[in-house]
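Here are my notes after a first pass through the model. Have it open while you read, and tell me if you see things otherwise.

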Amino acid sequence: MTQVLNLLLGGVFHAAALFLVAAGLQLVFGVQKILNLACGSFYALGAYAGITAVQTALAAGVPAPLFLLVLIGAGLTLGLLGPPIERLLRTIYDRDEAFQLLLTFALVLMLEDVIRFVWGAAPYQLGGVYLVYGQVRLGTVTIPVYNFVVIGAGLAIAAAMGVLLTRTRFGGIVRAAAENRGMAEALGVDMARISTRVFTLGLVLGTVGGALVIPAGAAVNEMGIELIVEAFAVVVIGGLGSMRGAFVGALIVGVLKAVAIAVYPEAEMLAIYVIVIGVLLFRPAGLFARATA
Amino acid sequence: MIRHLVLAAALAAVAAVPLLGRDYYATLMLPFFAYSVALLGLNLLFGTTGLLSFGHALFLAVGGYAAAYLGSTLQVRSLEAMLAVAVVAAVVIAVPVGWLCVRYVKIYFGMLTLAFGMLFYSFLYKFYGLTGGDEGMPVARPSLLGRGFGDLDKTSYLIGPYYYYSLALCVVAAVVMWRIVHSPLGLSLRAIRENADKAEYVGVRVRRYRFYAFVIAAVFGAAGGVLLVVPTGLASPTLAYWTHSGNLVFMLLLGGFGHFFGPLLGAFVFIFLQDQVMSVTEYWRFVFGAVLAAVVIFLPRGLMGVLARQERA
Amino acid sequence: MTPLLEARDVVKHYGDVQALNGVTVTVREDEFVSIIGPNGAGKTTLVNVLTGLLRPSSGRVTFKGRDVAGVGPVRLAGLGMARSFQLVNVFPGLTVAETLAVPTLARCGRGGRPFASLGRDADVREGVAEMAALFGLTDKLGRPARTLPQGDKKLLDVASAFALRPELILMDEPTSGVSTHDKTAIMETLVHAAKRIGVKAIIQVEHDMDIVFGYSDRIVALHQGRVLADGPPDAIRADDRVVATVIGRLR
């Protein structure tokens, strides 16, 4: 029984990171109508930067329990990259989607080497600092409290996103711009500013996601380009442009992956694709299809 | 007529490379031939029909592993057999995958094809009993038109008979694709790209023809895949990785996907540029990312687009 | 005579909105039928149902006796019905000749051949030449569609529907977006072309009453999803209800 619980928790833990990356993807797609292939690269950047930030902080004498804040801070700081990257993408907003995909692919290539340049090719780890929050024993398994913290953070951010989008003026503008950009512009919305903010928010969601999940694992060069496929699966299952879809889709993919690894390791990704194909066959728009203008 | 002269000159130049004594550049031409064949197929799908696949590398991998399996496991050493099996395997896989994928367009098509490519990658990676896993599967040196060339060492084989075989295959592929592009199907596909809805209203079977384009592209991809793995002697799962598909699209954009010869130009520039850049820095991906960004923003019609403008001016 | 196209008691609703409320329309051979009605009357919905784009919520649509509810544009073209649209719809990058070749190939069933030669296909060349001549586009055959003036684009758009040599053609506002001066010229071209290629019946949706009364054998007036009146031009002109709701004051 506890094995099952352990399994599920592992899946939900992974789902938290997936949700954050997918949410970033959905936001950017919703407003800018660009499918950002570099979302996985932002995730990777967040992970690497997070490790460096925590190591620096610990060396500088910051007490260990505050490492979570340092991680989140690192993710947020990377938001500075948002405006310049968005400016670059802005040059091709009105072009054919193929060009948009290719430009974000160019970003993937560049960021991959940036990471390799700054942090090298060897796996990069944080060590055991996350254990400072202690561990919980459930039957025969021990689970770090940190994992619950991350899951909690994921839920909190999901809730915050919900409030942001439905109850704030910014959220209203974002949803309007996603629904009908021309109309929003005609009504006086400064699309340039909104685009920059939305893109930065999407980027930060990815970097924070990467920073949060890295303490228990190791950052490797390929983590960004590997994650993109799962992120796509989440987005297809949940429906392009839907936040709720990102949440539910992430849960499905995260848990499914965990189950698949336990039951039949060879089939982990296959299981996800079977679901993706199934969804596409019966509900092509995803589970939470949104009407686009 | 200038075009014909340029083409003839280029062909003569390419044929002369091994004879000029620069072995290194001759070996670089081998992946050029392979990618040219594969890209001719991708160009039909993207340039002519307007479907951007981020999973075309899947079929290169199919071709590569077909060659590997035939040579190493079944001990069949004929390149013709490898090509034949690769083509059949490509069709077998392209039919269900294509049937599913062409029901979607644009972003969804791109995502689906990416997913299928990665699905195949996972399969190649995980089922190491069958595929050799991340170590890959070795590719035995094939005989060409029945001749083994056993007396030649590897380099002599590659720069000699294999070079000209690849060149010939590349030319054959180009001729076949030229026929297809200038056929009724080619025109119908272009109509689909220009305005799929209107195409339906004038009686074009949009879904079916897109499917044909997908399968044809797959066949060319697999043939290219076979040519790609023979020089290195290894078929590895990374052949199917989505970034490999991304590079294929990059090559196509670089050369110019609206033109027939765009794929060849793109493959050529990509390979030689990569070679030059890699000798200068290990961070070639960054440079290439920047090149891609520049091409997307400033030269959307690719190098052929630039050349075509010169022609008219 | 069995009607060529028949819609019987067609009802169509979108959720709560009742677009068509039991519409019966019959079109026979050699008829030119105009569908008129104010905006929101259901004309577009009716046309979409007649051309197999929409399935009616209830009722039947038959073409040459066959049920064609929801068959879709490609099958419909194969059955002998073609349609042109109000908004000009072209293949921007294809030349006039190529644009006309596409439906011609489709009609001959050759659109999917990957190894046949396009240049040497005599049927296609003749078909294209004939269509271009009928629509006055012969000297523009080599021009990309996107470079044509608007009027020619419209002609090309309609010509590509005619190139299917349909038995029935349905035109959605064929003279919309065209100056009054050119409207008659276009209608003459269309009617002449239809006669030459053997189109058996024409249905049009039209707002310009001069065109409607000038060319129709029968007029069907729609209002709020129902057929208000259905008859020859004189009868319609005399029908007070139609005058009040649709026509307004005639000059």
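1. One convention before we start: axes are lines fitted to C-alpha atoms, for helices over the stretch in contact, and angles run from 0 to 180 degrees between N-to-C directions. With that in hand, look at helix α5 (residues 150–162) of chain C, which lies across β6 and β7 (168–172) of chain C. Against β6(C), helix α5(C) runs at about 170°.

2. Keep in mind that this is a predicted model. For chain A the mean pLDDT is 86, with 98% of its residues at 70 or more. Within chain A, helix α2 (residues 39–59) has the highest mean pLDDT of the elements, 93, while helix α12 (residues 268–282) has the lowest, 74.

3. Back to chain C and its sheet: six strands, open, with mixed pairing, in the order β6-β7-β8-β3-β9-β10. β6 (81–84) and β10 (226–231) of chain C each have a single partner strand, so one side of each is left without a neighbour in the sheet. On average, neighbouring strands here are turned by 15° against each other, direction ignored.

4. Inside that sheet, β3 (residues 32–36) and β8 (residues 201–205) of chain C run parallel and are joined by four bridges. Ser34(C) stands opposite Gln204(C) in β8(C).

Definitions and conventions: Residues are numbered from 1 along each chain as its sequence is written. Chains are lettered from A and ligands numbered from 1 in the order in which they are written. This is a predicted model: local features need pLDDT of at least 70, side-chain atom pairs count only at pLDDT 80 or more; totals for chains, interfaces and linings use all residues. pLDDT is the predictor's confidence in each residue, from 0 to 100. Helices (H or I, at least four residues) and strands (E, at least two) are DSSP runs, numbered from the N terminus. Two strands pair if DSSP finds at least two bridges between them. Two residues are in contact if their C-beta atoms, placed from the backbone, lie within 7 Å.
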